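The exercises below ask the reader to work through a set of structural features step by step. Each task is followed by a solution, and both can be followed with the sequence and the coordinates at hand.

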Amino acid sequence: MIRWIIILIPMLIPALAFADPGVPAVTVTTDEGGGQSYTVTLQILAVMTALTLLPAALIMMTSFTRIIIVLAILRQAMGVQSTPSNQVLIGLALFLTFFIMNPVFVTAYEEGVSPYIDGDIEVVTAFEKTAQPFKAFMLSQTRETDLQLFANIKGNIELETAQDVPFSLLLPAFVTSELKTAFQIGFLIFIPFLIIDLVVASTLMAMGMMMLSPMIISLPFKLMLFVLIDGWALLMGTLASSFYV
C-alpha cells in the first residue's frame, strides 16, 4: 500500500498544480459607500473563533459569576458537600442567567444581529451595536472604585462619560465588582447556618457529647430552616432582583 502511494504522489503533483484554487480565503470588497465586506470563508473563520470564546464571555460578561458563587457558598454553608451536584448548580445558574440577561440578549439581537443578517449594516457596526447592551449592563453593575482602580493601573486614564470606558478596562472591573457582590451575599447567607452550628455545638458540649460531630446534628435543622423559609425561591428572587436595583 505504501509503495502505491509513493508511486501516485508524482502523478498527482501536476494535477494539483493546475487545480482550481477554490474560494479565496481572504478577500475584502469595498462598496460604493466606502464600506467593506469579507468573503464567506473569512466570516466562517470569525464565527468559529467567536464560538471558542463564547464560554469565557458567558462567564465574564453576564450574571453567571455572581450566581454560581452564591450557590456554591450556600451549599458549603448548609454542610452538604455534593448535594446539589455541580451539574445541577451550573444548570441552575445558566438558566437563571438566561432569565436575567434576556432583555440584554433581545436588545443585542434586535439592534446588531438582526440588521446584519438582513444586510442593512456592516460587520464592524453590527459588532458595536451588539456589544452596546452588554456594555450598559456591565456598567450598571460595576463599582466606580473598581473602574478607577484599573484606570490607574492602565495609566491614569480620564473617564469623563460611560461611553469613554473601553471593554479592556470594563471587563476586569466588572468581574471584580461581581466577586465582591457575590461574597457579600454569601456572607449574609452564611450567618444563619453558622448560628445553628454554634448553638448545636454549644448544646452538645454542655451535655458532654464531645465525641459526637455537631455537623451530624445541625444538618437536619439547617435543611428544615431552609425549607420552612422557602429558601430556594427567596434566594432566586434575591439574586434576580439584585441586578435591577
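A residue is called buried under 20% relative accessible area, exposed over 50%, and partly exposed in between. The model treated here is a predicted one.

**Exercise 1. Describe the overall secondary structure, and state what percentage of the residues count as buried.**

Solution. The secondary structure comes to 9 helices and 2 strands, and when the protein is read along its sequence these elements follow the pattern α-β-β-α-α-α-α-α-α-α-α. As for burial, 28% of the 245 residues fall in the buried class.

**Exercise 2. Locate aspartate 230, assign its accessibility class and examine its phi angle.**

Solution. Aspartate 230 belongs to the loop between H8 and H9. The backbone is the next step: phi of aspartate 230 is near 55°, which is a positive value in a residue other than glycine. For context, most residues other than glycine have a negative phi.

**Exercise 3. Which residue pairs form the salt bridges, and which helices do they link?**

Solution. With a side-chain nitrogen of Lys or Arg required to lie within 4 Å of a carboxyl oxygen of Asp or Glu, the count comes to 3 salt bridges.

Step 1. Arginine 66 pairs with glutamate 178, and their closest N and O atoms are 2.6 Å apart.

Step 2. Lysine 180 pairs with aspartate 146, with 2.8 Å between the closest N and O atoms. Because lysine 180 lies in helix H7 and aspartate 146 in helix H6 (residues 144-154), the bridge ties together parts that are 34 residues apart in sequence. The two partners fall into separate accessibility classes: lysine 180, at 38% relative accessibility, is partly exposed, whereas aspartate 146, at 2%, is buried.

Step 3. Aspartate 197 and lysine 222 meet through their side chains in a salt bridge with an N to O distance of 3.3 Å. Aspartate 197 is in helix H7 and lysine 222 in helix H8, so this bridge ties together parts that are 25 residues apart in sequence. Aspartate 197 is buried with a relative accessible area of 17%, and lysine 222 is buried with a value of 1%.

**Exercise 4. Characterise the second largest pocket by its volume, its lining and the elements that contribute to the lining.**

Solution. The space in the second largest pocket is about 290 Å³. Its lining is made up of 14 residues, and those nearest the centre are Ile185, Leu188, Ile189, Leu234 and Leu235. Two or more lining residues come from each of helix H7 (167-206), helix H8 (214-228) and helix H9 (231-241), and H7 gives the most, with 6 residues. Sorted by class, the lining has 11 nonpolar and 3 polar residues, and no charged residues.

**Exercise 5. Which residues form the nonpolar surface patch, and is Val199 buried or partly exposed?**

Solution. The patch consists of Phe187, Leu188, Ile191, Leu194, Ile195, Leu198 and Val199, which together have about 660 Å² of accessible area. Val199 is found in helix H7, and because its relative accessible area of 47% lies between 20% and 50%, Val199 is partly exposed.

**Exercise 6. Compare sequence separation with C-alpha distance for leucine 170 and methionine 61, and then for valine 113 and threonine 125.**

Solution. Leucine 170 lies in helix H7 and is buried, with a relative accessible area of 0%. Along the chain, leucine 170 and methionine 61 are 109 residues apart, while their C-alpha atoms are separated by 9.7 Å. Valine 113 has its place in helix H4 (residues 86-117) and, at 30% relative accessibility, counts as partly exposed. Valine 113 and threonine 125 are 12 residues apart along the chain, and 10.0 Å separates their C-alpha atoms.

Notes:
Residues numbered from 1 in each chain as written. Predicted model: local features only at pLDDT ≥ 70, side-chain atom pairs only at ≥ 80, totals over all residues. Heavy atoms only, no water. 1 Å grid on protein atoms, 1.4 Å probe; cavity = no way out; pocket = protein on both sides within 12 Å on 5 of 7 lines; lining within 4 Å. Points joined across faces, edges and corners; volume = space filled by probe spheres on them. Helix = DSSP H or I, 4+ residues; strand = E, 2+ residues; numbered from the N terminus. Nonpolar A, V, L, I, M, F, W, Y, C, P; charged D, E, K, R; others polar. Patch = residues over 30% accessible without salt bridge, like charges linked within 9 Å, V, L, I, M, F, W, Y side chains within 5 Å. Areas by Shrake-Rupley, 256 points an atom, 1.4 Å probe, with all protein chains shown as cover. Buried < 20%, exposed > 50% of the residue type's maximum accessible area, 1.4 Å probe, protein only.
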